[in-house]
Amino acid sequence: MEILFTKLTERKKISEVLNGNCRFDFVEVISAKHLEVEPFDLKSKSLIFTSINGVESFFANGFKPKADFTKENFNKIYAVGKKTKKELRKHGYETFKVKKHAQELAEFITANSAGEKFLHFCGNLALDVLDATLPLQNIWYKKVVVYNTILLYPKVEKPFDAVVFFSPSGVRSFVEKNTLEGKKIFSIGYTTEKEIRKHTDSQIFTSTESNIDDLLSLIKKECCGKKAAK
């Protein structure tokens with residue numbers, strides 16, 4: 001079975017997990033262009049990051065959060081995803097709260113942090129989950145676009161049996177010139193699955209943990225195991 005990953009990611013880990021039982025390849029469906037944003041005073045606002053690109057662009061522009069919780073005007077940091085948390089840690093910053101999905105983060109903030117003011121550093125195609133939820137709960141929220149997501153619309157000529165998606169924008173880019181019919185479809189999480197469902201009625205296998213390890217275990221089970229081989 002030939003599996004197509006729509007993101008160049010974790011080649012070594014994929015090879016180890018699939019262990020030669022399935023062939024795999026990659027196609028890039030989106031790219032990110034970091035924007036120049038003049039750094040401004042973050043004051044005591046809480047910061048939200050929902051992607052690695054958001055973190056990279058934030059620090060590339062020279063923003064400097066105040067991380068000392070013992071002083072006034074410090075910045076709490078909220079994140080979506082373990083990889084986003086890991087990227088923040090690379091820059092020397094810990095997170096106050098990490099959730100798997102933007103919806104989960106919105107629910108946590110509404111229940112526990114409604115008195116804070118939030119700056120969300122993200123891309124131009126960021127999902128509207130947070131800005132559609134927080135203001136309705138009278139929570140101060142502002143989106144700061146620090147990078148642009150560019151859809152590449154690749155045409156895949158090589159045959160493949162399964163396709164793996166990592167973001168809603170990646171789905172939109174891929175389906176522009178490729179079909180999902182007759183393919184096994186895998187999704188990193190429920191938000192991406194929701195976008196896939198706009199383009200096919202086929203079954204979608206979705207990681208319940210929204211991370212690469214759980215996703216690869218699911219792929220191995222459905223594509224490379226004894227059951228899949230029959």
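User: Which strands does helix α8 lie across?

Analyst: This is a predicted model. In it, α8 (residues 212–224) lies across β1, β9, β10 and β11. Its direction runs at about 165° to β10.

User: What's the strand order in that sheet?

Analyst: The order is β2-β1-β9-β10-β11. That is 5 strands in an open sheet, with parallel pairing.

User: Which are the edge strands?

Analyst: β2 (23–26) and β11 (204–206). Each pairs on one side only.

User: And how much are neighbouring strands turned against each other?

Analyst: By 25° on average, ignoring direction.

User: Which strands does α1 touch?

Analyst: Helix α1 (residues 11–18) packs on the sheet and touches β1 (2–5) and β2. Its direction makes about 165° with that of β2.

User: Back to the strands. How many bridges join β9 to β10?

Analyst: There are 4, between residues 162–165 of β9 and residues 184–187 of β10. Phe 165, for one, has Ser 187 in β10 as its bridge partner.

User: New topic. At what angle do α2 and α3 pack?

Analyst: About 20°, with the axes 8 Å apart. Angles under 35 degrees count as roughly parallel, so α2 is roughly parallel to α3.

User: Is the crossing left-handed or right-handed?

Analyst: The crossing of α2 and α3 is right-handed.

User: Which residues make the contact?

Analyst: From α2, Ile 52, Val 55, Glu 56 and Phe 59. From α3, Lys 83, Thr 84, Glu 87 and Leu 88.

User: How do those residues divide into nonpolar, polar and charged?

Analyst: The α2–α3 contact has 4 nonpolar, 1 polar and 3 charged residues.

Technical notes. Residues are numbered from 1 along each chain as its sequence is written. This is a predicted model: local features need pLDDT of at least 70, side-chain atom pairs count only at pLDDT 80 or more; totals for chains, interfaces and linings use all residues. Side-chain values use heavy atoms; hydrogens and water are left out. Axes are lines fitted to C-alpha atoms, for helices over the stretch in contact, and angles run from 0 to 180 degrees between N-to-C directions. Helices (H or I, at least four residues) and strands (E, at least two) are DSSP runs, numbered from the N terminus. Angles under 35 degrees count as roughly parallel, over 145 as roughly antiparallel, 65 to 115 as roughly perpendicular and the rest as oblique. A crossing is left-handed if the near helix is turned anticlockwise from the far one by less than a right angle, and right-handed if clockwise. Contact means heavy atoms within 4.5 Å. Ala, Val, Leu, Ile, Met, Phe, Trp, Tyr, Cys and Pro count as nonpolar, Asp, Glu, Lys and Arg as charged, and the others, Gly among them, as polar. Two strands pair if DSSP finds at least two bridges between them.
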